[in-house]
Amino acid sequence: MELESVPLTLHKRTQMCYSLKIMGERFDCHYCKESLLGKKYILRDNNQYCVKCFENLYSNVCEECKAPIGSDSKDLSYKDLHWHEKCFNCAKCSRSLVEKPFAAKDENLLCTECYSNEYSAKCFACKKTIMPGSRKMEYRGNSWHETCFACKRCRQPIGTKSFIPKENDAYCVPCYEKQFAQHCSSCKKAITTGGVSYHDQPWHKECFLCTGCKMQLTSQRFTSRDDFPYCLDCFSNLYAKKCTACGKAIAGLGGSKYISFEDRQWHNDCFNCKKCAISLVGRGFLTKRDDVLCPECGRDA
């Protein structure tokens with residue numbers, strides 16, 4: 001329930017008049033027909049009424065004392081309810097609410113102080129009451145004064161800016177990055193979301209690139225040389241052994257098998273007899289200059 005921002009309405013719906021005696025003319029109450037000559041009367045909708053008839057017909061009943069609000073009294077109204085001026089008081093401390101802000105709770109009207117003491121939230125930081133009508137910040141079931149909801153590090157109010165919670169404290173984004181966030185090994189900027197780890201060093205996903213072609217490596221297999229990461233194509237082209245038979249790179253990754261002999265290497269599929277093309281993997285072989293031969297072809301050579 002928020003504090004009412006405007007005072008009550010004071011209704012002026014009647015006009016008290018006095019009649020003069022005019023010889024030869026009648027001037028009667030519109031309801032009871034008694035003469036109003038020389039008496040007080042009240043006008044309503046261009047009709048005149050004696051005070052008694054008017055109050056019986058049109059007076060509102062006070063919510064507090066239940067008595068009619070007479071034509072000579074101020075009629076204070078709030079949400080179609082009416083009070084005498086002297087009856088419009090705080091339900092708890094009985095102080096007058098006339099022309100003062102107030103709050104309504106369970107059909108009772110309360111002054112600002114009583115409402116705050118009874119029902120207003122307490123600030124999680126300073127423990128003081130958050131007055132009705134003032135701005136408050138809410139997070140995880142707790143409330144703060146707007147000025148109390150501040151960054152733990154720089155103490156500046158966070159307001160509607162983004163923040164990052166840590167334990168029971170809140171930090172503005174710049175302070176959190178300075179104090180807690182890891183920093184990318186490549187660009188040295190804070191890593192606020194995601195990121196990858198390589199050789200126990202943090203990287204932005206977009207900064208973890210192949211040393212050779214600068215392609216992102218986060219979605220593919222890669223290897224390294226001297227602690228520098230490479231995509232498989234770049235590593236093969238730059239550092240992998242070349243097959244003596246086909247001249248292509250031998251990646252040696254992911255369980256790939258190759259044959260090595262006297263500083264020469266072959267893919268398993270390429271280690272064949274130069275003459276009859278039979279596979280020599282797991283078999284004896286002979287060499288003739290740069291060629292390898294099966295024993296049968298070697299004897300015939």
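1. Let's start with a term. Two strands pair if DSSP finds at least two bridges between them, and helices (H or I, at least four residues) and strands (E, at least two) are DSSP runs numbered from the N terminus. With that in hand, look at strand E10, where Asn142 is the bridge partner of Tyr139.

2. A word on what you are viewing: this is a predicted model, in which local features need pLDDT of at least 70 and side-chain atom pairs count only at pLDDT 80 or more, while totals for chains, interfaces and linings use all residues. Residues are numbered from 1 along each chain as its sequence is written, and side-chain values use heavy atoms, with hydrogens and water left out.

3. Back to that hairpin. Strand E9 (residues 136–139) runs antiparallel to strand E10 (residues 142–145), and four bridges pair them. Two residues lie between the strands, and Arg140 has a positive phi near 50 degrees. A salt bridge here is a side-chain nitrogen of Lys or Arg within 4 Å of a carboxyl oxygen of Asp or Glu. Lys136 is partly exposed at 38% relative accessibility, and Glu138 is exposed at 57%. For these labels, buried means under 20% relative accessible area, exposed means over 50%, and partly exposed is in between (1.4 Å probe, protein chains only). As background, side chains in a regular strand alternate between the two faces of the sheet.

4. Strand E11 (residues 163–166) and strand E12 (residues 169–172) are antiparallel and joined by four bridges. Phe163 has Cys172 in E12 as its bridge partner. Two residues separate E11 from E12, and in the turn Glu167 shows a positive phi of about 55 degrees.

5. Which residues do ring pairs link into a cluster? They are Phe124, Tyr139, Trp144, Phe149 and Phe163. Rings of Phe, Tyr and Trp (its six-membered ring) pair if their centres lie within 6.5 Å; planes under 30 degrees apart count as stacked, over 60 as edge-to-face and the rest as tilted. Phe124 has a further contact, as the charged end of Lys127 sits over its ring, 4.7 Å from the centre. Likewise, the charged end of Lys166 sits over the ring of Phe180, 4.8 Å from its centre. The rule is that NZ of Lys or CZ of Arg is within 6 Å of the ring centre and within 35 degrees of the ring normal.

6. The model holds 24 aromatic pairs by the ring rule. One of them joins Phe88 and Phe102: their ring centres are 5.6 Å apart and their planes stand at 85 degrees, so the pair is edge-to-face. This pair links distant parts of the chain, 14 residues apart, with Phe88 in the loop between strand E6 (81–84) and strand E7 (102–105), and Phe102 in E7. Phe88 is buried at 0% relative accessibility, and Phe102 is buried at 1%. Trp203 and Phe208 are also edge-to-face, because their ring centres are 5.2 Å apart and their planes lie at 70 degrees. Trp203 is buried at 16%, as is Phe208 at 3%.

7. How many salt bridges are there? The count is four. Among them is Lys74 with Glu85, whose closest N and O atoms are 3.8 Å apart. Lys74 is in the loop between helix H1 (51–58) and strand E5 (75–78), while Glu85 is in the loop between E6 and E7, 11 residues apart. Lys74 is partly exposed at 41%, and Glu85 is partly exposed at 34%. Arg95 and Glu113 form another salt bridge, at 3.3 Å between the closest N and O atoms. Arg95 lies in the loop between E6 and E7 and Glu113 in helix H2 (residues 112–119), so the pair ties together parts 18 residues apart in sequence. Both ends are partly exposed: Arg95 at 42% and Glu113 at 47%.

8. Finally, the cysteines. The model has zero disulfides, where a disulfide is a pair of cysteine sulfur atoms within 2.5 Å. Cys175 is buried, at 5% relative accessible area. The sulfur of Cys246 has its closest cysteine sulfur in Cys243, at 3.7 Å, again too far for a bond. Cys246 is partly exposed at 37%.
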